[in-house]
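Here is a short report on one protein chain.

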Amino acid sequence: VTGDEIHRMIGIMSVNSLEIELDEGYGEEMGFYPAFSNINHSCLANAKPVKLKDKAVQVVTKTRVKEGEEITFQYIVEIQPTRIRRGMLNRKWFFLCSCTRCCDRTECGTFLGALLCQDRDCGGSVLPDQPTVSSSSFSCLECGSTVEDQEAVRIMNEAEINTRKKDPSDHVVNHIEKFLQKYEHILHPFNYVMASMKMKLGCLYGNCPQYPLATMTKTIMMRKLQVCQESLVPLAILDQGNVGENKWKGRLEKEISKVQYLLQNK
């Protein structure tokens with residue numbers, strides 16, 4: 001067996017295998033499932049793999065599938081916007097996705113890659129004109145105002161960097177609130193950076209020593225409910241049904257139920 005053949009076998013296993021979840025301290029393991037490896041990717045998948053305790057994998061549909069329709073699932077985390085998602089897929093699986101979501105400016109209504117229009121009195125959603133073209137300019141759905149691709153990407157990259165620029169003396173909750181306030185008129189409410197920060201904030205309120213559930217005011221409870229509900233919107237579109245485990249979706253739904261109960265009984 002030559003070195004090139006070994007590298008080819010490793011590559012085939014890498015792009016066709018599924019990570020097996022082991023108990024803490026047992027290292028990492030990958031499983032190769034021949035039938036499962038033939039299922040193609042879609043960023044708006046109609047099915048989801050469910051890992052069983054005996055290391056078997058079930059493929060369960062999330063939506064009603066018509067006769068003759070292809071079964072698909074998502075290879076990567078769904079919360080990333082098209083420009084990042086397609087790059088990740090190309091680097092790991094060597095293809096450029098052209099699914100329904102990738103070709104749709106709004107990403108099927110999730111708006112994960114959207115900015116807000118800065119033209120006076122507009123505030124509309126600013127989206128790439130050609131989502132599958134990396135150098136595509138952006139334009140507003142409401143007024144048509146344009147933004148160059150480098151500027152749009154710069155704004156989002158800078159926002160990502162600012163999520164990590166926390167003042168050491170600041171509590172993480174205050175840091176996130178300041179970030180959201182800074183970008184609320186720049187990034188779409190469902191933009192992937194905003195959604196990520198809102199998820200974290202919604203789960204921190206009522207679950208950390210500085211903001212315990214027992215002493216939360218009605219104002220803070222309403223804020224917790226707001227950010228949880230807003231960050232859940234894109235997840236609910238991308239991961240329909242209650243198939244398998246979705247860490248953030250499940251957590252947000254629990255937090256919403258908890259705070260709604262408290263508000264009703266306050």
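The sections below go from basis to fold to charges.

## Basis

This is a predicted model: local features need pLDDT of at least 70, side-chain atom pairs count only at pLDDT 80 or more, and totals for chains, interfaces and linings use all residues. Residues are numbered from 1 along each chain as its sequence is written, and side-chain values use heavy atoms, with hydrogens and water left out.

## Fold and surface

The chain contains eight helices and 12 strands. Helices (H or I, at least four residues) and strands (E, at least two) are DSSP runs, numbered from the N terminus. The C-alpha trace spans about 65 × 45 × 45 Å along its principal axes.

Of the 266 residues, 41% are buried. Buried means under 20% relative accessible area, exposed over 50%, and partly exposed in between (1.4 Å probe, protein chains only). Among contacts (heavy atoms within 4.5 Å) with a separation of 6 or more, 54% join residues 24 or more positions apart. The accessible surface is about 15,500 Å², and carbon and sulfur atoms hold 51% of it. Areas come from the Shrake-Rupley method with a 1.4 Å probe; for residues, only the protein chains shown count as cover.

The chain has 33 positive and 33 negative charges, and their mean positions are 5 Å apart. Lys and Arg count as positive, Asp and Glu as negative; His and the chain ends are not counted. Each charge is placed at NZ of Lys, CZ of Arg, CG of Asp or CD of Glu.

## Salt bridges

Side chains of opposite charge can pair when their charged atoms come close. A salt bridge here is a side-chain nitrogen of Lys or Arg within 4 Å of a carboxyl oxygen of Asp or Glu. The count is 14. One of them pairs lysine 178 with aspartate 170, with the closest N and O atoms 2.8 Å apart. Lysine 178 is exposed, at 51% relative accessibility. Aspartate 170 is buried, at 15%.

Arginine 223 bridges to glutamate 177, again with a closest N and O separation of 2.8 Å. This pair links distant parts of the chain: arginine 223 is in helix α7 (residues 218–238) and glutamate 177 in helix α5 (residues 172–183), 46 residues apart. Arginine 223 is partly exposed, at 22%.

Glutamate 255 forms a salt bridge with lysine 224; their closest N and O atoms are 2.6 Å apart. Glutamate 255 sits in helix α8 (residues 247–264) and lysine 224 in helix α7, so the pair ties together parts 31 residues apart in sequence. Both residues, glutamate 255 and lysine 224, are buried. Salt bridges with shared partners join Lys224, Arg251, Glu255 and Lys258 into one network.
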